[in-house]
Amino acid sequence: MDTEKKTVILREGFLVKRGHLVHNWKARWFKLTPDKLLYYKYEGGRRDSCQRGKILLKDCVITSPFLEYENRPLVFKLQTKNKVDHFLEACSREERDDWAGDITAAVDKLQMAEGGKVTDHEDPGGSNLHDINLCKVLDAMYDVHSGINMTNHVEQGSTYSNCFSGSAVVDWLVFMQLVLTRVEAMTLASALLEEGFLRTVGMRSLEALRTAGLSEQFMDDSTALYSFSDSLKKRGSVKAESSRSAVELSGKVIKRGYLLKQGHRRKNWKVRLFVLRSEPAFLHYYDPTKDDISPVGGFSLRSCLVSSLDDNGVPSGVKGNIQGNLFKIITQADTHYFIQAPTHQEKMDWIDAIRALT
């Protein structure tokens, strides 16, 4: 992407931002500098040279994870010095945590430069897990309004209803400030599992329970599924259903990220969240501006051809004022997908990952 004159860029990439006046979600290109977070709009496949806004980092407060959006578990919140809230969504838990960590480091550095005291992000008194009442934790998790969100999940061709992932449990425990770190959250969740308050759903979490040591029974993993004990029936019991779409979405997630995709009819460029899965090998894409958790499209990678396109000029079939870093996927049905990555390295990473599955 284009660089700013003499501006130190600590991190940059796509995030999805909630609007202030109209509370819709829009994909924006963000740049983290030592004292502010800048964001830009994309038009026709190219980043607008004029910034659309900035968030001053001095005295900002970061909340990550921020779990008040039911279908958006990867949101984090920035509250400015003037108490203005900004809600940003990353493409994965790792990206969310990396962005939150880098922004927190920048805020801390600004506080140190002003001679202020850096906020202690760790508990000075150590862990307080031994004082936690597991029954009260369970009651809080089970609360219809503020408890953990129970949704549908796919594993090995089956859709399980009324359950949640291991990483969702860890996120919730941290967000509710019942623990300070993800490690503590895993210890607490393992205790809930051992006492029979939680139970495994599907094979991945069951295998972890069978083979892991006591401290590793619970998995901080988005593909390991859990639910409440069978004795808790009010919020719905777990049901498994199989379907063709469930099989497509049941593979192991290999890679996730925001990419630009050219439409087949209007030939316009849109930011999409791409998810690459193996066993079976599929590439699905989602509209990050919508709350719908279902993909808007996808295709099998069997017999697909993927190739890098030259950035010199506009290749045949490509429309619009593009940024570059293009690659093309041709499916077995001879459908052509034109995709842009934010950087050359990300383009090559995606091409290598897709080729490994074709």
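Reader: In which strand is the place of K26?

Author: The model discussed here is a predicted one. Within its chain, residues 25-32 form a strand, and K26 belongs to that run. The place of K26 is therefore strand 2.

Reader: Is K26 buried, partly exposed or exposed?

Author: The relative accessibility of K26 is 38%. A residue is buried under 20% and exposed over 50%, with partly exposed in between. Because 38% falls in that middle range, K26 counts as partly exposed.

Reader: Which residues gather with K26 in a patch of positive charge?

Author: The patch lies on the surface, and its charge is positive. Besides K26, its members are R266, K270 and K290.

Reader: How many salt bridges does the rule count?

Author: Side chains of opposite charge can pair when their charged atoms come close. The rule asks for a side-chain nitrogen of Lys or Arg within 4 Å of a carboxyl oxygen of Asp or Glu. By this rule the count is 13 salt bridges.

Reader: How many residues apart are D98 and R11, which are linked as a pair?

Author: D98 and R11 form a salt bridge, with their closest N and O atoms 4.0 Å apart. This pair links distant parts of the chain, since D98 is in helix 1 (residues 93-113) and R11 is in strand 1 (residues 11-18).

Reader: What is the N to O distance in the salt bridge of D59 and K58?

Author: Both residues count as partly exposed, D59 at 30% relative accessibility and K58 at 34%. Their side chains meet in a salt bridge, and the N to O distance is 3.2 Å.

Reader: Where is D287, the partner of R272?

Author: R272 and D287 form a salt bridge with the closest N and O atoms 3.5 Å apart. The pair links distant parts of the chain, 15 residues apart, with R272 in strand 14 (residues 269-278). Both residues are buried. D287 is in the loop between strand 15 (282-286) and strand 16 (297-300).

Reader: Which side chain of opposite charge is nearest to K328?

Author: K328 is found in strand 18 (residues 326-330). Leaving aside neighbours within four places in sequence, K328 is in contact with several residues, including L305, H336 and F338. K328 is buried yet has no salt bridge. At 8.3 Å, the nearest side chain of opposite charge is D334.

Reader: Which residues does S92 touch, not counting residues up to four places away in sequence?

Author: S92 is found in the loop between strand 7 (85-89) and helix 1. At 8% relative accessibility, S92 counts as buried. Apart from residues up to four places away in sequence, S92 touches L74 and R256.

Reader: What percentage of the residues in the protein chain is buried?

Author: The protein chain holds seven helices and 19 strands. It has 358 residues, and the buried residues make up 45%.

Definitions and conventions: Residues numbered from 1 in each chain as written. Predicted model: local features only at pLDDT ≥ 70, side-chain atom pairs only at ≥ 80, totals over all residues. Heavy atoms only, no water. Patch = residues over 30% accessible without salt bridge, like charges linked within 9 Å, V, L, I, M, F, W, Y side chains within 5 Å. Areas by Shrake-Rupley, 256 points an atom, 1.4 Å probe, with all protein chains shown as cover. Lys, Arg positive; Asp, Glu negative; His and termini not counted. Charge placed at Lys NZ, Arg CZ, Asp CG, Glu CD. Helix = DSSP H or I, 4+ residues; strand = E, 2+ residues; numbered from the N terminus. Buried < 20%, exposed > 50% of the residue type's maximum accessible area, 1.4 Å probe, protein only. Contact = heavy atoms within 4.5 Å.
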